[in-house]
Amino acid sequence: MIFTEIEHFVTANFSLLGVTCTPSSVSSFTRELTAYAANYPDEGYEVFFWTYDKGLGKCGSQEFELLPNTNDPLNVLEQIEDTQDKAVYVLHNFQQFLTGQKADPLVVARLFNLAHKLKTTNQTIILLEEDIKLPMFEGLIHVFDYGLPSAAVIKAFLKQLVNRLPPGITKPHVGNELVRSCQGLTIAEINDAIRFSLKKYPQLNSDILGQQVNQFKLAKLKRLGVELSHEPDVKVGGFKTLKTWLTRRKKLFASPNKKLPQPKGVMLVGVPGCGKSLIAKNIGSELGVPVMHLDIRSLYHSLLGETEKNLRRVLKTAEAIAPVCLWIDEIEKAFDGGSSTHDGGVSKGVFGTFLNWMQEKQQPVFVVATANKVNSLPPEFLRKGRFDEIFFVDLPNTEERSDILAIHLKKFEINLSVEQVQTLVKKTEDFTGAEIAYLVTEAVTLAHAEERQLSLLDLETVLKEITPQADRDYESIQQIRSWARLMARPAS
Ligand SMILES: Nc1ncnc2c1ncn2[C@@H]1O[C@H](COP(=O)(O)OP(=O)(O)OP(=O)(O)O)[C@@H](O)[C@H]1O
Ligand SMILES: [Mg+2]
């Protein structure tokens, strides 16, 4: 737990700590820290909180006591230097005076000296930021992450909140379902969502409340470029090897036994239209967890540093929602440094952040990444051990085409004889799954327009109109096939 770790550092006289947290978690971090310090009165640490607009104030007392003339970053550092009490000073958004446009070399120098000086005292400064980047304090600052609240923290908070509800409002039951709906939100966001819902419907039960909170969460995810993906309306044909591979890992995923290997994720590379996105959605249902679909392009932001910050927010949310499947479609677009929307530097940062996270993630987040073009993917991304496996998705073979046809015919309740299906399977050589799906939909549309039952003839008419993508672009399929022979395992 972060507060125990912070305590160890504070009592060992570390002078400068950093804590990263989302803006809406600032007050809950400070409140929790103050409560934690108050629980250890023998240690006698006071907690102070500073913001540029208000200055420095003491936490914990009934009223937030502000100390005069402490708004200025230099003044607050002087104030800290002049006091001898055992104290922790939380400085919120102080980094702006240390780096970037508003940086003041005097503030940097003063903090640097102070950090050295405080090593012999009982005072610690905590810089509280959404993201900490202070290379000049390397080795002097220790950074912690105040992630999104865990299920246990959410449950405790909900119970407290429900107990404090005024009479006249039905107290909803705080069960696991409600807690699960709140995962991925900060305490402040949960508070807002619940208070808003209760105001709107004072007689809520926990199921409806859970749905309301989920709406809040969906809106938050949407702002981050993430959609919770629904179960697909068609089954996936083919992918035999991948399906067996996944079944083998299913029990390991989210297993409480930490000694067993945790599945990290899978990379799907292959021919467009052959079901990569479809199987990605299915992997979630197979593992019994929701699928977070990240549109990587939406992370890109014109402001320097914002893109990585956005990615970190998404990854933190995925960890809070875990167990979950994080599906990143067309991941090559994130590394497409030459595109007009972003430069190579940003792509590198995004890449580094993502790989680091893949390496270090502790929570059961199963990553499914898909790519059509392998040339723009950096080699480190594909090295062994990064993903559990890289699968290559080729054009469907005879048996798979028959499977895919059956799935799409069934969708429209079309019954064909075995011979008729075989005829179609033969005639759809080199078709992608998407082209087979198109063939069936078009034939249904044709028959419907002419107000009659669909016949094999309709399917054959449409068939003649389709030139498979593979015939038009055979070269790029050959290219990706020869890459896959060395780098990936066939998905079927
Ligand atoms: N193996 C399959 N089984 C059933 N349907 C399939 C299959 N492959 C493709 N389809 C159909 O084609 C549609 C498009 O496939 P999908 O989007 O999954 O392909 P993709 O490989 O992700 O393509 P892209 O590379 O262009 O994103 C699916 O929604 C589905 O209707
Ligand atoms: Mg796709």
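What percentage of the 492 residues in the protein chain do buried residues make up? Buried residues make up 37% of them; a residue is buried if 20 or more other C-beta atoms lie within 10 Å of its own, exposed if 12 or fewer, and partly exposed in between, with C-beta atoms placed from the backbone.

This is a predicted model, in which local features need pLDDT of at least 70 and side-chain atom pairs count only at pLDDT 80 or more, while totals for chains, interfaces and linings use all residues. Residues are numbered from 1 along each chain as its sequence is written, and chains are lettered from A and ligands numbered from 1 in the order in which they are written.

Figure 1. The chain is divided into domain 1 (2-145), domain 2 (151-223), domain 3 (229-393) and domain 4 (398-429 + 433-467), with bounds that come from an automatic or database domain assignment. Of the contacts between residues at least 6 apart in sequence, 77% join residues at least 24 apart; two residues are in contact if their C-beta atoms, placed from the backbone, lie within 7 Å.

**Figure 2. Domain 3 and domain 4.** The C-alpha centres of domain 3 and domain 4 are 33 Å apart. Domain 3 gives 7 residues to the contact and domain 4 gives 9 residues. The side of domain 3 that touches domain 4 has 2 nonpolar, 4 polar and 1 charged residues. Here Ala, Val, Leu, Ile, Met, Phe, Trp, Tyr, Cys and Pro count as nonpolar, Asp, Glu, Lys and Arg as charged, and the others, Gly among them, as polar.

**Figure 3. The shell around ligand 1.** Ligand 1 is surrounded by 17 residues, and the closest are G275, K276, S277, L278 and G433; a residue is near the ligand if its C-beta atom, placed from the backbone, lies within 6 Å of it. The elements that give two or more residues to this shell are α10 (276-287), α14 (398-411) and α16 (433-449). Domain 3 and domain 4 each supply at least three residues. By class, the shell has 9 nonpolar, 7 polar and 1 charged residues.

**Figure 4. Helix α2.** The buried residues of α2 are V26, F29, T30, L33, T34 and A37. They cover an arc of only 130° around the axis, which puts them on the same side of α2; the arc is that of the directions from the helix axis to the C-beta atoms. Among the elements covering these buried residues are α1 (2-11), β1 (16-20) and β2 (46-51).

**Figure 5. Helix α7.** The buried residues of α7 are I187, E189, I190, A193, I194, S197 and L198. Down the axis of α7 they fall within an arc of 160°, so they line one face of the helix. The face turned away from the buried side carries the exposed residues R195, K199 and K200. What covers the buried residues includes α2 (26-38), α5 (151-163), α6 (176-182) and α8 (206-223).

**Figure 6. Residue Y474.** Y474 is in helix α19 (residues 474-487). This residue counts as exposed because it has 12 C-beta neighbours inside 10 Å. The C-alpha atoms of Y474 and D430 are separated by 9.9 Å, and the two residues are 44 residues apart along the chain.

Key:
Helix = DSSP H or I, 4+ residues; strand = E, 2+ residues; numbered from the N terminus.
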